[in-house]
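Hi everyone, thanks for making time this morning. I'd like to walk you through one model, so please have a look at it while I talk.

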Amino acid sequence: LHRNPGETEFHQAVHEVLETLGPVLVKYPEFAEKKIIQRICEPERQIIFRVPWQDDNGEIHINRAFRVEFNSALGPYKGGMRFHPSVYLGIIKFLGFEQIFKNALTGLPIGGGKGGSDFDPKGRSDDEIMRFCQSLMTELSRHIGEYTDVPAGDIGVGQREIGYMFGQYKRITNRYESGVLTGKGLDWGGSRARTEATGYGTVFFTNEMLKARGDSIEGKKVVVSGSGNVAIYAIAKAHELGATVIACSDSAGFIIDEKGIDLAALKQIKLTERRRICDYTEFHKDAKYVEGGSLWSIPCDIALPCATQNELNANDAKALIENGCIAVAEGANMPTTPEGIALFQQSSLLYAPGKAANAGGVATSALEMQQNASRDSWTFDYTQKRLEDIMIDIHKSCYETAAEFGAEGNYVLGANVTGFIKVARAMEAMGVI
Ligand code: NDP
């Protein structure tokens with residue numbers, strides 16, 4: 001703690017992993033002797049830099065940006081960039097730390113990293129976004145590369161921002177290095193199904209948990225938080241598999257539409273027009289908008305938190321359990337507070353942590369890297385099938401590892417231990433580095 005003062009979210013993420021690793025150190029004492037845990041908690045490299053840019057009125061702004069290259073035992077650092085005013089080192093480190101284990105779980109050759117900036121894209125023009133992305137990439141380009149570090153999107157960073165960053169990287173380096181960023185557009189090196197992958201993957205994982213109990217997502221009532229990239233495609237896949245999503249949100253409030261969220265309207269509002277979720281009632285007069293408050297008090301069978309960290313607290317967890325919710329799967333990173341997780345784990349509800357349930361996004365990014373490396377472009381169906389198989393495998397390994405360590409059904413332990421052992425074995429093989 002004293003080495004990383006004030007980095008609350010990082011402490012929370014480390015604590016959540018370390019409290020499950022006791023049995024691993026008993027079984028494999030060499031990991032303790034070789035100080036794998038101490039090494040894994042210290043990023044290999046942290047870069048902090050200034051991003052100056054000019055708005056449309058010529059005024060100069062200065063933001064701060066970060067890239068934390070956490071662990072490269074399994075492959076190049078891999079993880080998104082987040083643009084949100086709340087970003088500081090503690091958030092990027094928590095996300096980078098989680099990413100190490102998540103990426104290991106995918107079974108693909110990618111290490112863990114994360115980056116971002118305290119830049120607020122809300123209300124900014126396209127030109128302002130472009131100037132900001134170009135300024136950021138002018139510095140970031142020195143640190144990344146196909147074999148070094150491969151950033152992607154996250155909150156506030158979608159295909160538009162990846163495009164501006166890729167353009168600047170190409171210009172500075174004079175290299176068409178497709179594999180340097182993922183989440184690209186389909187015409188310039190992107191992968192089919194990448195946009196949908198995190199949300200789809202979260203629903204595939206949810207279905208696997210239910211199947212392991214002889215149930216399925218079909219016919220279930222679902223509540224999803226957020227209305228960004230992850231939330232929208234979680235809603236899409238849940239509907240495709242026969243569930244009904246009755247509510248979703250943004251940072252100002254939430255909507256309830258008992259008939260099922262109209263995906264076309266939601267996409268038009270949030271993706272095309274970049275408006276607020278309250279405008280959904282313009283399309284569906286019978287839908288209800290609630291400003292502020294918590295959508296987790298809405299009775300449902302399945303809850304998918306897909307917005308941001310610590311958005312679901314102990315009171316929310318209590319409400320979900322009391323209302324008979326049977327499964328919670330995290331599309332977002334660390335959306336449930338430690339108190340909320342404890343309540344889920346004391347109940348009979350199925351709980352999937354983000355590092356397992358939302359790993360489909362980064363897995364498909366690794367598939368994008370594979371396509372870039374072979375100058376190939378796969379079909380949507382093939383890529384989606386690969387994603388589904390990866391989510392089935394992640395579920396299987398989490399489930400089996402938990403059972404092996406005497407904690408059947410504990411997906412937190414299953415995910416942490418599976419990911420940790422893979423990274424620890426690689427670090428051990430590479431000596432003291
Ligand atoms: P987007 O920017 O597309 O959407 C974020 C959504 O969450 C928006 O609806 C936003 O509302 C809401 N939100 C953001 N911050 C807050 C906050 N502080 N309080 C309440 N609501 C908030 O991001 P993504 O959908 O890409 O990411 C969502 C989550 O999923 C994040 O935790 C991210 O780390 C995680 N994730 C994303 C992956 C990806 O592939 N994109 C991969 C794996 C995990 P508003 O518009 O009002 O800000």
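Let's begin at Ser365, which is found in helix α15, residues 360-373. Helices here are DSSP runs of H or I with at least four residues, strands are runs of E with at least two, and both are numbered from the N terminus. Before I go on: this is a predicted model, where local features need pLDDT of at least 70, side-chain atom pairs count only at pLDDT 80 or more, and totals for chains, interfaces and linings use all residues. Residues are numbered from 1 along each chain as its sequence is written.

Is Ser365 buried or exposed? Ser365 counts as buried because it has 28 C-beta neighbours inside 10 Å. The cut-offs are these: buried is 20 or more other C-beta atoms within 10 Å of the residue's own, exposed is 12 or fewer, partly exposed is in between, and C-beta atoms are placed from the backbone. Not counting residues up to four places away in sequence, Ser365 touches Lys78, Ala152, Thr182, Gly183 and Arg194. Contact means that the two C-beta atoms, placed from the backbone, lie within 7 Å.

Now for the record. The UniProt annotation "binding site", from an unreviewed entry, covers Lys78, Gln99, Lys102, Gly153 and Ser365. UniProt positions are in the numbering used here, feature names are shortened, and annotations may be inferred rather than shown by experiment.

Gly153 is buried, with 26 other C-beta atoms within 10 Å. Beyond its neighbours within four places in sequence, Gly153 is in contact with Gly80, Met81, Gly158, Glu161, Ile162 and Gly183.

Lys114 is found in strand β4, residues 112-117, and is buried, with 30 other C-beta atoms within 10 Å. Its contacts, leaving aside neighbours within four places in sequence, are Val68, Gly79, Gly80, Ile92, Leu95, Gly96 and Gln99.

On to the ligand. How many residues surround the ligand? There are 23, and the closest are Gly228, Asp250, Ser251, Ala332 and Gly361; a residue counts as near if its C-beta atom, placed from the backbone, lies within 6 Å. Helix α9 (residues 229-240) gives the largest share of this shell, three residues. By class, the shell has seven nonpolar, 13 polar and three charged residues. Here Ala, Val, Leu, Ile, Met, Phe, Trp, Tyr, Cys and Pro count as nonpolar, Asp, Glu, Lys and Arg as charged, and the others, Gly among them, as polar.

Where does the ligand lie? Domain 1 (42-178) and domain 2 (195-357) both give residues to the shell, so the ligand lies between them. Those bounds come from an automatic or database domain assignment. The domain centres, taken over C-alpha atoms, are 27 Å apart, and eight residues of domain 1 are in contact with eight residues of domain 2. On the domain 1 side, the touching residues divide into five nonpolar, one polar and two charged.

Strand β1 (residues 45-54) and strand β2 (residues 60-71) run antiparallel, joined by 10 bridges; strands pair if DSSP finds at least two bridges between them. Gln54 has Ile60 in β2 as its bridge partner. The hairpin has five residues between the strands, and Gly58 takes a positive phi near 85 degrees.

That's my tour, thank you!
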